[in-house]
Amino acid sequence: MERKIHSTIIIPNYNGIQYIEKCLRSLMGEPAEIIVVDNGSVDGSREVVKEQFPGVKLVCLDKNYGFCRAVNVGIANSRTTYVILLNNDTEAERGFVRALEEPMERHPEVFSGSAQMRNMYRPELIDDAGDYYCALGWAFARGKDKPVQDYRKKCPVFSACGGAAIYRRKLFDELGVMDENHFAYLEDVDLGYRARIHGYRNLYIPDAVVYHAGSGFSGSRHNKFKVDLTSRNSVYLIYKNMPTIQVLLNLPLLCAGFAIKFLFFMRKGLGRVYLRGLWKGVLLCMSKSGKAHKIHFSREHLFYYGLIQLELWRNIFMRLS
């Protein structure tokens, strides 16, 4: 008897010729529909999907609209209970889908679950075990470059890493989908933040394992494109999700966090890029689109804002440990 499909895997792709075939082959036999949303690739990767994987639904966009738009197109084309986001430079272990689904079925208050992402080139090390966010204005990958054996227990996280995560699809109607103002980077933290404001939880699910190339392939975690976007989006993330009183409460720590980041990137020759990104973030917050996406404070969520604030303070120590 054929098993009912509960999940749709959405894979945004942009010029992923080096990875997409291995990624899709690792998912063959998994109980899920698969949608690849191609962001105008010109390297032949969309042709690989079309010709070698006829069972995969391929949605082709005319140009690169960014990670967020690709994800939203995939969500719009899905009909299952859950959606699973997966980077194209990953390979999943067998049983990945069911490992993600099982905790979601047991915990209806959970919005998302973050898979255990291992470094593809050093698989004994964690690449991401869920994401944290702290009162310094920093988002960071839990467990980055630490031994896998230290991250074998399920636990709450601030947000799921969108590189390999499951989401409860019906809650997108309440929370909204990916904010396309981000284009890429920190959009998953923003989505997790919104879920937390509404009282939902996000989990780390260690039994769902994927191997991620990421910066392990490029040899660098920092480049102009990424620094520019992440600094811009870090300002927007604060503006969008924190009420004014919470911004004022955290302002000394936020200023310290931005100053530390500036000094860090200045040493890498990217200080001006970082400052330019911060200014772009201010402009985004002032724009019509930025204002339209701001989360307006509601007293009914006051308790959850309090819990979030405590976590923002606690996560400073998590980051520094």
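1. Helix 9 (residues 244–267) and helix 10 (residues 271–286) pack with their axes 7 Å apart and at an angle of about 145 degrees. Axes are lines fitted to C-alpha atoms, for helices over the stretch in contact, and angles run from 0 to 180 degrees between N-to-C directions. Helix 9 contributes Phe258, Lys261, Phe262, Phe265 and Met266, and helix 10 contributes Gly271, Tyr274, Leu275 and Leu278; contact means heavy atoms within 4.5 Å. By class, the contact has seven nonpolar, one polar and one charged residues (Ala, Val, Leu, Ile, Met, Phe, Trp, Tyr, Cys and Pro count as nonpolar, Asp, Glu, Lys and Arg as charged, the others, Gly among them, as polar).

2. This is a predicted model, in which local features need pLDDT of at least 70 and side-chain atom pairs pLDDT 80 or more, while totals for chains, interfaces and linings use all residues. Residues are numbered from 1 along each chain as its sequence is written, and side-chain values use heavy atoms, without hydrogens and water. Helices (H or I, at least four residues) and strands (E, at least two) are DSSP runs, numbered from the N terminus.

3. The largest nonpolar core has 38 residues, and Tyr133, Phe158, Tyr193, Tyr204, Phe258 and Leu312 have the most contacts inside it. Such a core is a set of buried Ala, Val, Leu, Ile, Met, Phe, Trp, Tyr and Cys residues joined through side-chain atoms within 4.5 Å. Elements giving two or more residues to this core include strand 8 (131–133), strand 10 (155–157) and helix 12 (302–320). Apart from this core lies another, of 32 residues, among them Val36, Leu86, Phe96 and Cys161.

4. Leaving aside neighbours within four places in sequence, the contacts of Phe158 include Tyr133, Tyr193 and Leu312, and also Asp131, Arg196 and Glu311.

5. Asn72, in helix 3 (residues 67–76), is buried, with a relative accessible area of 10% (buried is under 20%, exposed over 50%, partly exposed in between; 1.4 Å probe, protein chains only). Beyond four places in sequence, Asn72 is in contact with Val177, Met178 and Glu180.

6. There are 13 aromatic pairs, taking rings of Phe, Tyr and Trp (its six-membered ring) with centres within 6.5 Å; planes under 30 degrees apart count as stacked, over 60 as edge-to-face and the rest as tilted. Phe183 and Phe225 are edge-to-face, at 6.5 Å and 80 degrees, and lie 42 residues apart. Phe183 is partly exposed at 25% relative accessible area, as is Phe225 at 48%.
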